[in-house]
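Hi,

Here is the structure I said I would pass on. Have a look at it first, and my notes on what turned up follow below.

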Amino acid sequence: MSLARAAHPPVLRLARCPVLVRRYSDKPPLGDRPLRSFEDWSELQVKRAEVGTLIDILSNYGSNRRQETAFRLRDGNRRPVPNATVSSLLAAGAHFGHATSRMNPNFMPYAYGVRANSTIIDLDHTVPLLRRAANLVRAVAYAGGQILFVGTRPDLRQVVKSAAGRIGKQGYYISDRWIPGTLTNTSELYSQQTAKETLCVPDLVILLNPLSNITCIRECAIAHVPTIAITDSDSDPRIVMYPIPANDESPQTAEIVAGILSIAGREGLALRMEDEVMDEETKHNEIDDELWDYVERAKRDGFEESDSEGESTGQHFDH
């Protein structure tokens with residue numbers, strides 16, 4: 001075996017050298033044919049190494065987004081993420097703002113910088129504000145409040161519907177358009193009996209495209225309803241009580257924000273149900289304790305009466 005290998009060393013080296021095979025062969029590219037030999041596998045490994053080297057070199061001069069780091073839905077049911085991270089928001093494009101000429105002066109505290117005449121949103125401010133909004137949604141759901149999701153773009157209809165569905169009976173959504181007077185003129189939109197017997201004003205409103213629903217924000221301010229909204233660089237964050245600076249034109253960003261807030265609402269419902277169960281168990285335990293105390297007192301009173309009767313009978317026989 002050693003003599004056979006030594007007899008043809010140049011041929012084996014030439015055949016196993018992927019660079020020479022790729023340079024002097026007339027074979028089609030690897031993407032057009034299956035791997036059939038060791039040479040094909042070696043050529044594929046070299047090609048992957050070359051592509052990886054180019055990515056590592058060029059990533060210092062631009063975006064390093066790859067297929068595994070790009071944002072994509074994990075399944076067909078659009079499962080949301082429970083926590084907000086800078087990486088997930090970056091992958092969704094939440095940091096892209098509008099042109100610098102359209103930037104609102106009051107948005108300056110949430111701007112990171114400018115690139116290609118576009119405002120870059122500072123996600124280090126977005127994450128804590130999103131968590132604060134999630135805590136608010138959790139508290140409102142725990143208290144039994146009604147939460148309304150508003151997203152009137154066609155690409156936001158399924159997002160608000162799914163978000164409201166996660167909260168259950170306390171979640172509502174508007175996906176077509178906001179009818180003026182929904183909160184301030186309920187007697188005209190509904191019947192007098194419905195307006196009196198039904199709660200027509202929600203406890204919290206979450207807007208995914210606030211500039212298109214500025215009438216909703218005004219009515220919420222008149223009705224003293226707190227609001228949460230995704231505010232982009234072209235809007236004033238002061239128009240809502242709890243702004244979340246992010247790209248309001250990205251459906252992926254809206255899906256992440258709505259998913260986090262709806263999960264927080266579902267957690268509030270779970271905590272409320274757990275406390276209700278604990279209260280019921282406490283009440284049942286108190287009732288059981290009272291019942292057993294009554295039984296113990298009844299037994300003790302019965303024993304005392306029997307003892308007193310026995311003593312009185314013994315005294316009678318003595319006489």
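Let me start with helix H10 (residues 214–222), where Cys216, Ile217, Glu219 and Cys220 are buried. Seen down the axis of H10, these buried residues fall within an arc of 165 degrees, so they line one face of the helix. What do the buried residues of H10 pack against? Their partners are strand S4 (147–150), strand S6 (204–207) and S7. On the other side of H10 you will find Arg218, Ala221 and Ile222, which are exposed.

Some ground rules before I go on. This is a predicted model, in which local features need pLDDT of at least 70 and side-chain atom pairs count only at pLDDT 80 or more, while totals for chains, interfaces and linings use all residues. Residues are numbered from 1 along each chain as its sequence is written, and side-chain values use heavy atoms, with hydrogens and water left out. As for the words: buried means under 20% relative accessible area, exposed means over 50%, and partly exposed is in between (1.4 Å probe, protein chains only). Helices (H or I, at least four residues) and strands (E, at least two) are DSSP runs, numbered from the N terminus.

Next, confidence. pLDDT is the predictor's confidence in each residue, from 0 to 100. The protein chain has a mean pLDDT of 80, and 78% of its residues reach 70 or more. Over residues 1–25 pLDDT stays under 50, and the model has 13 contacts for them beyond four places in sequence. (A contact means heavy atoms within 4.5 Å.) Residues 73–77 also have pLDDT below 50, and that stretch has 5 contacts in the model beyond near neighbours in sequence. Where pLDDT is low, the predicted coordinates should not be read in detail.

Now the salt bridges, meaning a side-chain nitrogen of Lys or Arg within 4 Å of a carboxyl oxygen of Asp or Glu. How many does a search of the whole structure find? It finds 5 salt bridges, and here are some of them.

- Asp234 and Arg102 meet through their side chains at 3.2 Å, N to O. This pair links distant parts of the chain, 132 residues apart: Asp234 is in the loop between strand S7 (227–231) and strand S8 (242–245), and Arg102 is in the loop between strand S1 (96–99) and strand S2 (111–115). Asp234 counts as buried, at 18% relative accessibility, whereas Arg102 is partly exposed at 49%.
- Asp236 and Arg238 form a salt bridge at 3.1 Å, N to O. Asp236 is buried, at 15% relative accessibility, but Arg238 is exposed at 63%.
- Arg272 and Glu276 form a salt bridge at 3.3 Å, N to O. Because they are 4 residues apart in helix H11 (residues 251–318), about one helical turn separates them. Arg272 is partly exposed at 29%, and Glu276 is partly exposed at 41%.

Met108 and Asp236 are 128 residues apart in sequence, yet 9.9 Å apart in space, C-alpha to C-alpha. Met108 is partly exposed, at 48% relative accessibility.

What about aromatics? The structure holds 1 aromatic pair. The rings of Phe107 and Tyr110 have their centres 5.7 Å apart and their planes at 55 degrees, so the pair is tilted. (Rings of Phe, Tyr and Trp, its six-membered ring, pair if their centres lie within 6.5 Å; planes under 30 degrees apart are stacked, over 60 edge-to-face, and the rest tilted.) Phe107 is buried at 0% relative accessible area, and Tyr110 is buried at 19%.

Lastly, the backbone. Most residues other than glycine have a negative phi. Asn117 is not a glycine but has a positive phi of about 60 degrees. Asn117 sits in the loop between S2 and strand S3 (118–121) and is exposed, at 60% relative accessibility. His224 also has a positive phi, near 60 degrees. His224 is in the loop between H10 and S7 and is exposed, with a relative accessible area of 68%.

Cheers

Note on methods. The arc is that of the directions from the helix axis to the C-beta atoms.
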